[in-house]
Amino acid sequence: MAPRPFRLGRARTGLGIFATRPIKKRTTIAEYRGKMLGIDAALKAEKSGNRYLYEVNSKWTIDGAKRGNIARYFNHSCNPNADTFVRDRRVFIRTIKNIEPGDEICYDYGRDYLKNVIGLENCQCSRCRKRRAKQRAEARERNARKKKRLAAAAAKGVKKTKKVAKKAVKSRKTRR
Ligand SMILES: [Zn+2]
């Protein structure tokens, strides 16, 4: 593999990996390195809160928690520009889009991780942030329309109540 075309940098969720030069689609850029754990050891590591476990297959999991494993810094995205592939029980990260310098390089950690570790509503990837911003804007618009409707209804209501009040006064008088 050629020298790294990326660097470690500040991302929205801590650290992340950013391209330092253009990278062509389908370039293998890193390996997810770590100790190979069997099923029991992997379960134990998971229970102790290790978030850098990569399940290679039904038997083997890579413990990528060590700092030397640069690949542990790739963040999750629901709209990724990279993915991972396994070859001879080794895991590699490869681009799936052409990448520009400065782009954060992310891959999809998978539905289980998103649901159980990140939380569906906590995902900070660009797609989820855009989606939530759109939802917030739509909610604001709905609220503004509702307020307008209520204000209009209230204005009509004031006129009605005045009439009703007059009638009430009259009826009280007639009753006396
Ligand atoms: Zn997301």
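A residue is called buried if 20 or more other C-beta atoms lie within 10 Å of its own, exposed if 12 or fewer do, and partly exposed in between, with C-beta atoms placed from the backbone. This is a predicted model, in which local features need pLDDT of at least 70 and side-chain atom pairs count only at pLDDT 80 or more, while totals for chains, interfaces and linings use all residues. Residues are numbered from 1 along each chain as its sequence is written.

View 1. Helices (H or I, at least four residues) and strands (E, at least two) are DSSP runs, numbered from the N terminus. Read along the sequence, they come in the pattern β-β-β-β-α-β-β-β-β-β-β-α-α. Of the 176 residues in the chain, 19% are buried. Two residues are in contact if their C-beta atoms, placed from the backbone, lie within 7 Å. Take the contacts between residues at least 6 apart in sequence, and 63% of them join residues at least 24 apart.

**View 2. An open sheet of 3 strands runs in the order 4-6-5, with antiparallel pairing.** Strand 4 (35-37) and strand 5 (53-55) each have a single partner strand, so one side of each has no neighbour in the sheet. From one strand to the next, the twist averages 30 degrees; the axes behind such angles are lines fitted to C-alpha atoms, for helices over the stretch in contact, and angles run from 0 to 180 degrees between N-to-C directions. Strands pair if DSSP finds at least two bridges between them. Strand 5 and strand 6 (residues 61-63) pair over 3 bridges, and Y54 has I62 of strand 6 as its bridge partner.

**View 3. The largest nonpolar core holds 19 residues.** Such a core is a set of buried Ala, Val, Leu, Ile, Met, Phe, Trp, Tyr and Cys residues joined through C-beta atoms within 7 Å. F74, A82, I93, I105 and C106 touch the most other members. Strand 2 (14-19), strand 3 (28-32) and strand 10 each supply at least two residues, and strand 3 gives the most, with 3. Zoom in on I93 and, leaving out residues up to four places away in sequence, you find it touching I29, A30, Y32, A71, F74, A82, T84 and Y107.

**View 4. A82 sits in strand 8 (residues 82-87).** A82 counts as buried because it has 24 C-beta neighbours inside 10 Å. Beyond neighbours within four places in sequence, its contacts are F74, I93, R94, T95, I96, I105, C106 and Y107. I99 is 17 residues away in sequence, and the C-alpha to C-alpha distance from A82 is 9.3 Å.

**View 5. N98 lies in the loop between strand 9 (90-95) and strand 10 (106-107).** With 13 other C-beta atoms within 10 Å, N98 is partly exposed. Outside four places in sequence, N98 is in contact with K24 and K25. A82 is 16 residues away in sequence and 9.5 Å away from N98 in space, C-alpha to C-alpha.

View 6. D88 has a positive phi of about 50 degrees despite not being a glycine. R89, also not a glycine, has a positive phi near 65 degrees. D88 is exposed because it has 5 C-beta neighbours inside 10 Å, and R89 counts as exposed with 11.

**View 7. Helix 2 (residues 111-118) lies largely in the open, because 0 of its 8 residues are buried.** G119 follows helix 2, with a positive phi near 95 degrees.
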